[in-house]
Amino acid sequence: MSNVLFDIPGPRARVRHRLYAVLGVAAVAAFVGFIVWRLAESGEFAARKWEWIQYKQVQEDLAAAVGNTLRAFALGAVLALAFGAVFAAGRLSDHKPVRVVAGFVVELFRAIPLLILMFMFYYGLPTLGVRMSPYMAVVLGLTLYNGSVLAEVFRAGIQALPKGQSEAAYALGMRKTQVMVLILLPQALRTMLPTIISQLVVLLKDTALGFLITYEELLNYARYIGSIYAFGDLDSQIFFYRPIIPTTIVVGAIYITLCLLLTLLANRLQKRQRRNRKIQAAPAEAVV
Amino acid sequence: MGALLDNLPLFLSGFRTTVWLFLVSAAASLVFGTILAMLRVSPVPILRGIGTLYVTVVRNTPLTLVFLFFIFAYPLLKIVDLSYAVRAMVALSVYTSAFVCEVVRSGINTVPVGQAEAARALGLNFGQTLGSVILPQAMRAVAPPMMSTLIALLKNTTIAAGFSVAEAGAIRAVLADKGYPQMVTLAWVAVGFILLVMVLTLVQRTFEKRWSRAR
């Protein structure tokens, strides 16, 4: 589409476009340069503020924090997919009560902010006598919220299939479960895969909310290291000088890498799918 | 019920801040996101690249990290001293505009190719083609996904509560100090959000109905 919005530039348009390009780059460079300059001025890029990353203990803890983030992501993703599958099946059920209940649950958890859900599990449940580790609170929150979003993705994917598919299968004498498992799911899964993966990217990013309920994940560790001025005994003190900007930059790079890996996978699947003409575009979009 | 009725002013002021955060960030990210989308379909390759880079980086960064940056790094830039609430609005807008950009861009792609071709044949330039022919039609197609993005923004405002903004997500901490059971407080906050989301969904339905008829 984008290439039909404008004519192929002639000589004068090319000159003008070059001017725009120079202006655009200059504006962005000035903006980024200003930020870097001000941060450098306040000493954030001084070598002593980056020494923390050289300590073996810090590196190990950082790796452990990444591990904790991935642990929450892995369990959350598996449970959310299962939750989504069950409730999508519920919303597609032939029995009205099942449909109503599943619809209610999905709509409910889609409307409550994820952070409030995590607060409910971490701060709310103990007042009712149920102890909850931060890890479980994060995982349960991720499961319920992303699970209900995924349920809608699954449902939309299955309903987007041509009606003839299930009609033909019923005409062949298949049962409801057979139609779903043998005919509808394999086709729907292929169209839904990119959307599912982008929802998993959302889930991965949302693990960072665990920071606000004291789960010891990546962001929490960045904040911790970033707040250390010095530690150790008085005679053998190690100085970190509160490197909050360096830690934010490092952790940001780690998050972006992790998410990009998942996004790349989604893009590759989407490309492969586009080659297959029989399958139409993905029906639903991931929710932020 | 007591937790709600005894502290009605607190709940009201919390949700007022939430709605305020939402409205300002929604307006800002709609404008900025549309500009980004225009950059991403523009005839200048470098501008397209800048738009793509922004969207890629921001979409793959957790919102909490964006908040962390604006709360702790912004003061070091020493530009203007902004309150926590304003910085939260900036963080929310920076994050949401990347998603708005993607929604608008996918909307531009739904407009039939003939529209742009006809506009060009009439001699309209890129800005005119986009501004008076493509975008008005694209906006109709994007109304439903745009509302989903905005609903997500509304829910994301709760993160500001973790960074010293006294909005709906922060009610829990205040009432916990007063000794109210936290689950009850949180349930009322959740009800508040469900109501707000219902209002937005209603707006979404109205748009959908009106604009599907117009097409």
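Predicted model: local features only at pLDDT ≥ 70, side-chain atom pairs only at ≥ 80, totals over all residues.
## The annotated region of chain B

An unreviewed UniProt entry annotates residues 15–204 of chain B as "domain: ABC transmembrane type-1". Over residues 15–204, chain B is 81% helix and 0% strand. The end C-alpha atoms of this stretch are 21 Å apart.

## Two helices packed in chain A

Two packed helices are described by the angle between their axes and the distance between the axes. In chain A, helix 2 (residues 56–91) meets helix 5 (residues 134–159). Their axes come within 6 Å and cross at roughly 40°. That angle makes helix 2 of chain A oblique to helix 5 of chain A. The crossing of helix 2 of chain A with helix 5 of chain A is right-handed.

Helix 2 of chain A brings residues including Ala72(A), Gly76(A), Phe83(A) and Arg91(A) to the contact. Helix 5 of chain A brings others, among them Tyr135(A), Leu142(A), Gly147(A) and Arg155(A). By class, this contact of helix 2 with helix 5 of chain A holds 16 nonpolar, six polar and two charged residues.

## Two helices packed in chain B

Helix 3 (residues 45–59) and helix 5 (residues 84–110) of chain B also pack. Their angle is about 120°, and their axes are 9 Å apart.

From helix 3 of chain B come Tyr54(B), Val55(B), Val58(B) and Arg59(B). From helix 5 of chain B come Val94(B), Tyr95(B), Ala98(B), Phe99(B), Cys101(B) and Glu102(B). This contact of helix 3 with helix 5 of chain B has eight nonpolar, no polar and two charged residues.

## A loop residue with positive phi

Most residues other than glycine have a negative phi. Thr214(A) has a positive phi, near 60°. Thr214(A) sits in the loop between helix 7 (176–206) and helix 8 (218–226) of chain A. With 11 other C-beta atoms within 10 Å, Thr214(A) is exposed. The cut-off for exposed is 12 or fewer.

Notes
Residues numbered from 1 in each chain as written. Chains lettered and ligands numbered in written order. UniProt positions renumbered as here; feature names shortened; annotations may be inferred. Helix = DSSP H or I, 4+ residues; strand = E, 2+ residues; numbered from the N terminus. Axes fitted to C-alpha atoms, helices over the stretch in contact; angles between N-to-C directions. Parallel < 35°, antiparallel > 145°, perpendicular 65-115°, else oblique. Left-handed = near helix turned anticlockwise from the far one by under 90°. Contact = placed C-beta atoms within 7 Å. Nonpolar A, V, L, I, M, F, W, Y, C, P; charged D, E, K, R; others polar. Buried ≥ 20, exposed ≤ 12 C-beta atoms within 10 Å, placed from the backbone.
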